[in-house]
Amino acid sequence: MNQVINLTLNGEPRTLMVACHRTLLDTLRLEGGLTGTKKGCDVGECGSCTIIMNGKLVNACLVLAVEANGAEIITIEGIQRSALELHPLQENFIKYGAAQCGFCTPGFIVAAKALLDENPRPTIDEIRFAMAGNICRCTGYTKIVQAVDETAREMQENGREAL
Amino acid sequence: MKSFDYFEPHSLEEAVGLQQQGQGRGCWLAGGTDLLVQMKEHVRQPGLVINLKKIRGLDDFHFDSVTGLRLGALVTAREVETSPLAHQHYAGLARACTDFASIQVRNRATVVGNICRASPSADTLPPLLADDASLCIHGPRGTRTVALEGFCTAPGRTILAPDEIVTHVLVPAPAPGTAKVYLKHGRREQMELATVGVAVSLTMSRGRCSRLGIVLGAVAPTPLRVPTAEALLLDEEPTRDRVHAAAAAAAQACQPISDVRASAGYRRQMVEVLTRRALVQALEVLR
Ligand SMILES: Cc1cc2nc3c(=O)[nH]c(=O)nc-3n(C[C@@H](O)[C@@H](O)[C@H](O)COP(=O)(O)OP(=O)(O)OC[C@H]3O[C@@H](n4cnc5c(N)ncnc54)[C@H](O)[C@@H]3O)c2cc1C
Ligand code: FES
Ligand code: FES
């Protein structure tokens with residue numbers, strides 16, 4: 001069984017034809033051409049497929065594509081401002097060495113974006129709590145937490161619009 | 001995942017009708033955090049998937065100081081976690097919904113889905129059982145209300161017929177002088193299934209324990225209420241000795257297994273420690 005879905009993908013209206021048993025993750029990557037969202041475990045454990053759906057952080061591997069009909073989706077590609085301008089979180093992930101192989105990075109940055117949208121000045125514990133659903137096998141997390149903390153600090157200094 | 005037909009009914013009647021047409025080969029879909037994993041792992045291969053999310057009235061989250069809490073089937077763990085009302089009146093449930101998976105999962109996972117999955121380690125079951133929760137069930141013959149106690153019959157099994165939907169969970173309003181605690185034990189704080197879970201719901205009046213629920217998770221095929229432990233404190237002053245005796249009775253009553261997460265012996269010891277700790281914490285809240 002196939003179905004047509006209409007959704008807003010990083011601000012752009014899109015119409016896609018999907019099989020009902022297709023996950024949103026596979027649809028984003030294969031039909032949507034957005035390969036920034038990664039497939040790690042495919043069962044909700046690793047967070048590499050993290051996206052924002054209707055304002056909420058979710059694992060795209062645990063959502064059926066048909067459930068995204070009418071939804072507003074933000075992926076890592078929607079967080080970068082333009083081909084030439086990175087998001088402050090991306091800048092700080094580079095500056096602090098918070099990405100090594102980089103496989104987990106899109107998921108972490110999307111999770112961090114959702115955290116800062118909700119809580120602009122989180123404590124270190126709050127950052128760690130918010131990122132518990134994202135696994136990194138390279139960095140040891142310290143640098144990731146530092147990068148998010150630094151972004152929050154900059155955001156406070158430069159005003160929220162900076163994000 | 002095997003292919004299936006997919007439906008988004010707008011009413012309970014339509015949903016039940018679809019399930020009957022599908023001759024019980026359908027699965028209800030709420031948050032999908034269990035169902036999708038089970039379908040991917042071929043544990044379940046439904047012919048149709050019936051999404052409950054478009055059915056009106058299943059998203060209510062209502063508290064009344066007389067009638068208590070009414071949670072619709074679509075209320076997520078994250079909604080409970082972020083509700084000040086839940087933390088104030090249902091601290092055990094709120095704690096269970098916080099110490100649960102990740103924010104990504106909690107934004108999708110429903111409390112009712114957690115109940116219906118009937119996992120021995122389900123976090124919401126012990127606090128709900130300790131609070132004497134009940135369930136509203138809609139089926140072809142109308143609506144019935146059943147106690148949550150007895151709903152889960154074995155790991156992954158409940159009394160629900162395939163064409164029945166749990167529409168709400170109801171939790172009585174706490175009496176004055178009530179404290180609730182849920183303690184989840186694991187190797188790490190987040191993204192962990194319970195090795196042992198202990199829920200306590202305790203009411204004190206005139207220096208004596210007038211109502212008590214002690215429920216253990218992950219140490220029996222279904223969450224286990226322990227009346228033998230409760231009886232040692234009911235209508236009594238909760239002295240140190242009685243609290244210790246109740247904790248020992250809980251450890252005696254549990255039926256843990258050994259698995260990848262812990263041995264049976266370790267679980268039994270942790271039941272004693274955590275039951276004691278949960279009772280002490282509840283009494284401290286009331287002091
Ligand atoms: C990475 C990960 C970590 C997890 N960690 C935890 C944890 O720490 N603690 C814990 O307790 N659980 C944990 N879980 C499981 C937890 O997410 C689920 O049990 C969840 O609460 C189920 O709710 P759902 O809405 O996602 O249900 P679904 O997956 O949609 O459904 C679950 C089952 O219940 C049935 N069902 C759903 N709603 C109804 C209804 N209204 N009436 C009748 N039947 C219904 C479905 O048909 C299905 O069989 C975890 C899951 C994942 C993927
Ligand atoms: S791929 Fe979705 S959580 Fe791992
Ligand atoms: S940078 Fe390699 S997994 Fe995180």
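Trainee: How many salt bridges are counted between chain B and chain A, and what makes a pair a salt bridge?
Mentor: The count between the two chains is four. The term asks for a side-chain nitrogen of Lys or Arg within 4 Å of a carboxyl oxygen of Asp or Glu. This is a predicted model, in which local features need pLDDT of at least 70, side-chain atom pairs count only at pLDDT 80 or more, and totals for chains, interfaces and linings use all residues. Residues are numbered from 1 along each chain as its sequence is written, chains are lettered from A and ligands numbered from 1 in the order in which they are written, and side-chain values use heavy atoms, with hydrogens and water left out.

Trainee: Why is the pair A:Glu67 and B:Lys53 called a salt bridge?
Mentor: The closest N and O atoms of A:Glu67 and B:Lys53 are 2.6 Å apart. The limit is 4 Å, so the pair qualifies.

Trainee: What makes a polar contact, and how many residue pairs are in polar contact between chain B and chain A?
Mentor: A polar contact is a pair of N or O atoms within 3.5 Å; within protein, one must be able to donate a hydrogen and the other to accept it, and residues adjacent in sequence count only if both atoms are side-chain atoms. Between chain B and chain A, eight residue pairs are in polar contact, both residues being at pLDDT 80 or more. On the side of chain B that touches chain A, H6(B) gives the largest share, four residues. Helices are DSSP runs of H or I with at least four residues, numbered from the N terminus. By class, that side of chain B has ten nonpolar, nine polar and ten charged residues; Ala, Val, Leu, Ile, Met, Phe, Trp, Tyr, Cys and Pro count as nonpolar, Asp, Glu, Lys and Arg as charged, and the others, Gly among them, as polar.

Trainee: How many residues of chain B are in contact with chain A, and how many of chain A?
Mentor: Each chain gives 29 residues, contact meaning heavy atoms within 4.5 Å. The area buried between chain B and chain A is about 2,400 Å², 62% of it from carbon and sulfur atoms. Buried area is the accessible area (1.4 Å probe) that two parts lose on being put together, summed over both. In chain B, B:Tyr6, B:Gln104 and B:Arg108 lose the most area to chain A, together 27% of what that side buries.

Trainee: What makes B:Asp34 and B:Arg117 a salt bridge?
Mentor: Their side chains meet at 3.8 Å, N to O, and the limit is 4 Å, so the term applies. Across the interface of domain 1 and domain 2 of chain B, the rule finds one salt bridge.

Trainee: What is the average pLDDT of chain B?
Mentor: Chain B averages 97, and 100% of the residues score at least 70; pLDDT is the predictor's confidence in each residue, from 0 to 100. The model scores ipTM 0.96 and pTM 0.97.

Technical notes. Helix = DSSP H or I, 4+ residues; strand = E, 2+ residues; numbered from the N terminus.
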